[in-house]
Amino acid sequence: MDRFRLIKGKDFGELPKTAGVYSFYAKNEVIYIGKAINTQSRVKNHFSQPSYRDDLFIEKVDKVGYLETGSEIEALVLEASLIKKYQPKFNVVWRDDKNYFYVAISQNEQKIPYVFITHQKNYERTEYVGPFVEGTALKKTLRFLRRAFPYYTSKKHPKNKCTWCHLGLCPGPNPDLKNYRDNIRKLVLILEGKRSAVLNSLKKEMAALSKENKFEVAAEIRDKIFNLQQVMAHAHVIESGKQNLSASSGAAALEKIIGLNKKISRIECYDISNIQGKFATGSMVVFIDGKPAKSEYKKFKIKMENEPNDIAMLKEVLGRRFLHPEWSYPEIILIDGGIAQLNIAIKVKAEKSETKNIKVISIAKGRQELFIENKKEPIPLKTLPQEIYNLVKLLDDEAHRFAIAYHKKLRKKNLLD
Ligand SMILES: [Zn+2]
């Protein structure tokens, strides 16, 4: 089931145009696993339009494998089980644990199960399936599966019918517990990729019931089998793989939290680095409409001579950047650092009428906090809405990647000189 089929070299034409999971290898090691609605076009995309993340590894890829799944839900489920099995470097690097999703099946005091999605695996009396990479796809999948296998989402059900009951998604205030637990077991099996086991078991139940002349219940199971097959085959749960989707929803959420009364189009993110006291540089990465705009990236060699410190370097870089209206000004700049860095950036941008309305935010990684201009208290990163957290991480990672690449180049040049 989970042995990838390899294509010859990079002959992407061999890849199926259907839903599935693909794998990238470097020297026989699986370094990345992904899922797609159309495997062929998704894989081609990684190479023809590499994203910020692809840039980390795409050049190392020497082999491509795939598994056809025939449905999006199965692709989602298979991806989860294969990431767990192989732990590919570039899936793991990119998404630290709190960005993964698990389906948790917990039990209340009466040992009645309930189901929810979580980032953490630290609940008592709880079983987990996952990790899943994409929360939206997982939520959609569960919404579909909940029709076939109604479940509770919290410890205690009210005495009367709830909203979910009326939608047929909840087992109701007094379900047949044996039946309910059995449904939950089937749900877990499906999320683990054991769809045929579930279908076979349902078919057996149906046959047994007909034998006992319990035709009504047997017909219910027949409908359930049919619905499940339909859902598994046709449900659309995967996003089309456009990386900027989450970045743009992050930008919208950021506008709100910052209190910006216009749309964010351009964001600039700065990284000052001074490796071993040599080659002090500032780098600027730019995102336009949620996508990295690489042609706009800039590097600044720090000019100041004596003992440069972080704050002074940032001041120099921003001062020089603001002399360039032709690059067009951003709505937001993100810098690396705490309150001191935030304050110096605010001071520099306030000196010019064209830049004074730019909003400044800064990310203090040591303390895992985000400082926002005009907000007294920093926001702990872990309490940020997920889409903002993702966006800030994305910007910050990209700035570092760019800075490090430049440093390597400088060092090499220095050696050659
Ligand atoms: Zn209910």
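Arg-5 stands opposite Tyr-66 in strand β4, within a predicted model. Strands here are DSSP runs of type E with at least two residues, and helices are DSSP runs of type H or I with at least four, both numbered from the N terminus. The protein has 12 helices and 15 strands, and its C-alpha atoms fill a box of roughly 90 × 55 × 35 Å along the principal axes. Residues are numbered from 1 along each chain as its sequence is written. Because the model is predicted, local features need pLDDT of at least 70 and side-chain atom pairs count only at pLDDT 80 or more, while totals for chains, interfaces and linings use all residues.

**The sheet containing β4**

- Four strands form an open sheet in the order β1-β4-β2-β3, with antiparallel pairing; two strands pair if DSSP finds at least two bridges between them.
- The edge strands are β1 and β3 (29-36), each of which pairs on one side only.
- Strand β1 (residues 5-6) runs antiparallel to strand β4 (residues 63-68) and is joined to it by two bridges; Leu-6 stands opposite Gly-65 of β4.
- Six bridges link strand β2 (residues 20-26) to β4 in the antiparallel sense, and Tyr-25 has Lys-63 in β4 as its bridge partner.

**Domains and overall burial**

- The protein is divided into domain 1 (5-86), domain 2 (99-234) and domain 3 (244-416); these bounds come from an automatic or database domain assignment.
- The C-alpha centres of domain 2 and domain 3 lie 46 Å apart.
- Of the 417 residues, 32% count as buried. A residue is buried if 20 or more other C-beta atoms lie within 10 Å of its own, exposed if 12 or fewer do, and partly exposed in between, with C-beta atoms placed from the backbone.
- Among contacts between residues at least 6 apart in sequence, 64% join residues at least 24 apart; a contact requires C-beta atoms, placed from the backbone, to lie within 7 Å.

**Nonpolar cores**

- A nonpolar core is a set of buried Ala, Val, Leu, Ile, Met, Phe, Trp, Tyr and Cys residues joined through C-beta atoms within 7 Å.
- The largest such core has 49 residues, and those with the most contacts inside it are Val-21, Ala-75, Leu-76, Val-103, Phe-132 and Leu-187.
- Helix α2 (residues 72-86) supplies the largest share of this core, eight residues.
- This core draws at least three residues from each of domain 1 and domain 2.
- Leaving aside neighbours within four places in sequence, Leu-76 is in contact with Lys-35, Phe-132, Ala-137, Leu-138, Thr-141, Val-237 and Ile-238.
- A second, separate core has 40 residues, including Leu-254, Ile-358, Phe-371 and Ile-388.

- Phe-101 is found in strand β5 (residues 101-107) and counts as buried because it has 22 C-beta neighbours inside 10 Å.
- Not counting residues up to four places away in sequence, Phe-101 touches Ile-117, His-119, Gly-130, Pro-131, Phe-132, Gly-135 and Leu-138.
- Phe-101 and Tyr-180 are 79 residues apart in sequence and 24 Å apart in space, C-alpha to C-alpha.
- Helix α4 (residues 135-148) has 14 residues and should span 20 Å at 1.5 Å a residue, which agrees with the 20 Å between its end C-alpha atoms; the expected span is 1.5 Å times one less than the number of residues.
- The buried residues in α4 are Ala-137, Leu-138, Thr-141, Leu-142, Leu-145 and Ala-148. They lie on the same side of α4 because they cover an arc of only 130° around the axis, the arc being that of the directions from the helix axis to the C-beta atoms.
- The elements covering these buried residues include α2, β5, β6 (113-118), β7 (126-132), α6 (177-191) and α8 (215-234).

- Helix α10 (residues 310-321) has 12 residues and reaches 16 Å from its first C-alpha to its last, close to the 16 Å expected.
- In α10, Met-313, Leu-314, Val-317, Leu-318 and Arg-321 are buried; they cover an arc of only 125°, which puts them on the same side of α10.
- These buried residues of α10 pack against β8 (266-273), β9 (281-288), β11 (298-301), β12 (332-336) and α11 (339-350).
- Strands β12 and β13 pair in the parallel sense over five bridges, with Ile-335 opposite Ser-362 in β13.
- Strand β13 (residues 359-364) is mostly covered, as five of its six residues are buried.

Methods
Contact = placed C-beta atoms within 7 Å.
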